[in-house]
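Below is a short report on one protein chain.

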Amino acid sequence: MSLLEFLSSVFGWIYFICWSLSFYPQSMLNLSRKSTSGTTVDFPLINCLGFLSYAISNYAFYYSPLIRAQYASRYHGLTPTVQFNDITFALHGLLLSIITTSQYLSPRLWSFTPSKGNKPSRFILGIILGCIVGVIFVIFIVLSSPERNDPSGGGHGWVWLDAIYAISYVKLIVTLIKYTPQVLVNYRNKSTKGWSIVQILLDFTGGVLSIGQQGIDSWLQGDWSGITGNPVKFALGNVSMMYDAVFITQHYVLYKGADGKDGGGGGAGWGRGGTRRGGSSRAVVEGCCLEAAGIYLVAAEMPWAGPLGQMEVRVVPFRDMVDLDGLEFG
């Protein structure tokens, strides 16, 4: 084994460790706070789809004789740059993403305080549906092609390699948009409270090493199709690092030390919010989380109700509580 081959292997396992460890800080932070406030379920939910597609495509590139033969035919006898640690990383990421997603979709299972970000956005649900429909469409095209099982690549026809590429592009699409909802949440809250910066630092380190490993592998083969032939892995590192730079700027520069608009935390405590009514008037709302009873006790003072205002008290079960700002009074 040459020095470059050794470095490629070392880079691969270190980026695997960094990226794998990056899945733990957020779920552990949620556990310590007993809340997912300040974050959104969109990120871990769409990660489940992304890592499922990444695991399937990596498995095919690494183990399938047909896919490897069609790849070699299309790229002048070269082999895919996927390694075993890519498969283990994808499976590990899928498992941790499922666990983290459950903290949002089943907060009572984890004894968490309900949070506004527990419901997936229509944008993310639309992306998930679009990706699934797109992959199914490509698979049907491949099934209708008489050259689909041709090890030589099928000439100009559709082969199973194209279906695997379609599946792998799902991970690329997910990576391109998965961080966007959290960037917007941080911007609206003017804070990164609740969002783990440790996972971002680990992700950034993994991105650098992932690109480094792919560059070394392509250099050793004497052909940069190791990158063009596996664009998903190359794009993963670059796109992730760009988003990481945004989060690092938000955390250490723009919103350094800011608590933001979200009260966060779990257990018993008071939060503030309300709904605008009557022009510039705003209800003064106090919400007390009574965790043992499984309810919020909400009191609202409404200044538009008269010279002395009006007080309304409401009991809201955890399962119906989204956010104090989402309640309407009067």
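The report takes confidence first, then the cavity and the pocket, then the loop residue.

The model is predicted, so local features need pLDDT of at least 70 and side-chain atom pairs count only at pLDDT 80 or more, while totals for chains, interfaces and linings use all residues. Residues are numbered from 1 along each chain as its sequence is written, and side-chain values use heavy atoms, with hydrogens and water left out.

pLDDT is the predictor's confidence in each residue, from 0 to 100. Its mean over the protein chain is 79, and 73% of the residues reach 70 or more. Helices (H or I, at least four residues) and strands (E, at least two) are DSSP runs, numbered from the N terminus. The pLDDT is below 50 over residues 262-287, a stretch that has 82 contacts in the model beyond near neighbours in sequence; contact means heavy atoms within 4.5 Å.

Grid points are joined across faces, edges and corners, and a volume is the space filled by probe spheres set on the points. There are two cavities of 30 Å³ or more.

| Space | Volume | Lining | Nearest the centre |
|---|---|---|---|
| Largest cavity | about 290 Å³ | 23 residues | Ser22, Phe23, Phe43, Asn47, Lys178 |
| Second largest pocket | about 230 Å³ | 13 residues | Ser8, Gln83, Asp217, Leu220, Gln221 |

To the lining of the largest cavity, α5 gives the most, with five residues. In the second largest pocket, α1 (3-21) and α9 each supply at least two lining residues.

Threonine 192 lies in the loop between α8 (180-189) and α9 (197-221). Threonine 192 is buried (under 20% relative accessible area, with exposed over 50% and partly exposed in between; 1.4 Å probe, protein chains only), at 6%. Its side chain and that of histidine 251 are joined by a polar contact of 2.8 Å. Such a contact is a pair of N or O atoms within 3.5 Å; within protein, one must be able to donate a hydrogen and the other to accept it, and residues adjacent in sequence count only if both atoms are side-chain atoms. Neighbours within four places in sequence aside, threonine 192 is in contact with Asn186, Gln250, His251 and Tyr255.

Terms used
1 Å grid on protein atoms, 1.4 Å probe; cavity = no way out; pocket = protein on both sides within 12 Å on 5 of 7 lines; lining within 4 Å.
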